[in-house]
Amino acid sequence: MERKWWHDQVVYQIYPRSFMDSNSDGIGDLNGIKSKLWYLHRLGVQIIWLCPVYRSPNRDNGYDISDYYQIMEEFGTLEDMCALIEECKNYNISIIMDLVLSHSSDLHEWFQQSRSSRDNPYREYYIWKDPVEGKEPTAEKAFFGGSVWEWDEKTAQYYRHTFCKEQPDLNWNNSRLRRELYKMIRFWMDKGIKGFRLDAIDNIAKDEQGRHDTASGKVHEFLRELNENTFGTAKHLVTVGETGSAGIEDAKLYSDPKRRELDMIFQFEVMGIDGTRTGTVEPKEYTLKDLKQVMSKWQAELDDVGWNSLFWSNHDYPRAVSRFGNDSPKYRTVSAKMLATLLHGMKGTPYIYQGEELGMTNIAFNGIYDYRDIETLNFYEEKKAEGWPKERIMEYIYQNSRDNARTPMQWDASKYAGFSDTAPWIRLNPNYTEINAAKNLADKHSVFYYYKKLIELRHTMDVLVYGTYQLEYEAHPQVFSYTRRYHDESVLVICNFCEASCSIPLNLSFEDKDVLISNYETRQKKNSILYLRPYEALMIQTGGKAR
Ligand code: TEU
Ligand code: CA
């Protein structure tokens, strides 16, 4: 496999609105990010992915762009963005920008033109259809509730929106639109952006009826053209496509370097394993064996072709430790470290979502009035109308709301958590007095320093970057374990996923110096049995030079 500069790196995802407020309006901004680069540098990350910072009316917090060439007023100016890019260089940090190419805001000039008349030159930038038998042309449901089709009185046609109705889908069948997008991307490349995360990019192909086209392969044609006209022309860029619909075979097509589409994709098999945000409201039962099976399948299948992205959460999903670990005071830290060990030992690019390196947790606000996410608010209204009792709706929201991940970054224990000196746009998680960056930085056993060490290991050990993957103890109900191998180097990762202690047979003698990292200080091994305490995780070097 050809080595790439980003292969041994870890990406840190920033949700700018909730990261750091520099000008006391309660909203995170670019200068706020700039003021915290020292923190990211200390953690050891060399790539940051910025969620959208373009001009936007914020129906969907920046994922509805009204001007791709401008910065959102609340976040700062284009000068601030250039200053951030410059300052990043001093810390050896590259920026990946979020590209929302599947749709724009309804307030974008293109859509304003498009909806003004049927013969407007921008009409074809969006997807307009006549009614079929007096109704919506297809039965597809939008992500944030209702039909994907919205009736537009003025020109008497429907337009398509995969997400909310203020996010009309761009019509990729129109080559003029595609060229406009390429031009815009080159504008940001010229500003020194080192990569892109392509939002909902599997959504761009549509068939004649305006339906989401997943079968024809057109999405791959579009991506190759995009690549050829933009990021493919420059070396040293990295791209990751968000592809909610992708299975293994799609992933290979998207991320096989020979095909020149994308470097890697986000697939959502793990994110959907318990039913979260999969379109059904009933939680899905799953076991650790299911999780092992899904993650191992992706490791094996993308071993030679393509590249994995590894993540436990992002701005659309609940907090990792609350969801896959244990966020009770007793086990929060140890389980957060266990999850980190499991993910960062795998092959692919790990992504850290802001606050995950502190073990930040989910939130349960008292009432719907404290929630801000459009998906959550629409869900509440929809279920209220269906007659769900309020308690049931809130229970669901506590588990699933995207706002779990969007409460402000917890910097310290001061009022407003050091995020701002005024009330933030969304309420803080009250546990910020206990869980915050200052406290983590002051404690060498913190989750923060654990992540730092994992990041360092990846920078120094080829086996973690390029090694093959083999699942161990496949049938064990509470241990997730695997071996990585690269030439004569090998590493064994062992994670107890549960609160209960357990044991495994282990015919291997190892010393403390072979333990690359662990969330416990001591080992419990007798004869050939390794005893594992609650959420215990170890990464052991089992072969190679240093041993
Ligand atoms: O998300 C698309 C989206 O909803 C996915 O997270 C989805 O869960 C996945 O594809 C599984 O099917 C992106 C952004 O991440 C999100 O914040 C935006 O709201 C959305 O696009 C619209 O731009
Ligand atoms: Ca601000």
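A search of the whole structure, a predicted model, found zero disulfides. A disulfide was taken as a pair of cysteine sulfur atoms within 2.5 Å. The sulfur of C51 lies 15 Å from the closest cysteine sulfur, in C88, and is therefore too far away for a bond. C51 is buried, at 2% relative accessibility. Buried means under 20% relative accessible area, exposed over 50%, and partly exposed in between (1.4 Å probe, protein chains only). C164 is likewise in no disulfide. For C164, the nearest cysteine sulfur is that of C51, 16 Å away. C164 is also buried, with a relative accessible area of 4%.

Helix α10 spans residues 332-344, and helix α14 spans residues 447-460. Helices are DSSP runs (H or I, at least four residues), numbered from the N terminus. The axes of α10 and α14 come within 10 Å and cross at roughly 15°. Axes are lines fitted to C-alpha atoms over the stretch in contact, with angles from 0 to 180 degrees between N-to-C directions. The two helices, α10 and α14, are therefore roughly parallel, a term for angles under 35 degrees. Their crossing is right-handed, the near helix being turned clockwise from the far one by less than a right angle.

On α10, the contact (heavy atoms within 4.5 Å) is made by T333, A336, K337, A340, T341 and H344. On α14, V447, Y450, Y451, L454 and R458 take part. These residues divide into six nonpolar, three polar and two charged. Nonpolar covers Ala, Val, Leu, Ile, Met, Phe, Trp, Tyr, Cys and Pro; charged covers Asp, Glu, Lys and Arg; the others, Gly among them, count as polar.

Residues are numbered from 1 along each chain as its sequence is written, and chains are lettered from A and ligands numbered from 1 in the order written. Local features need pLDDT of at least 70, side-chain atom pairs count only at pLDDT 80 or more, and totals for chains, interfaces and linings use all residues, while side-chain values use heavy atoms, without hydrogens or water.

Methods: Angles under 35 degrees count as roughly parallel, over 145 as roughly antiparallel, 65 to 115 as roughly perpendicular and the rest as oblique.
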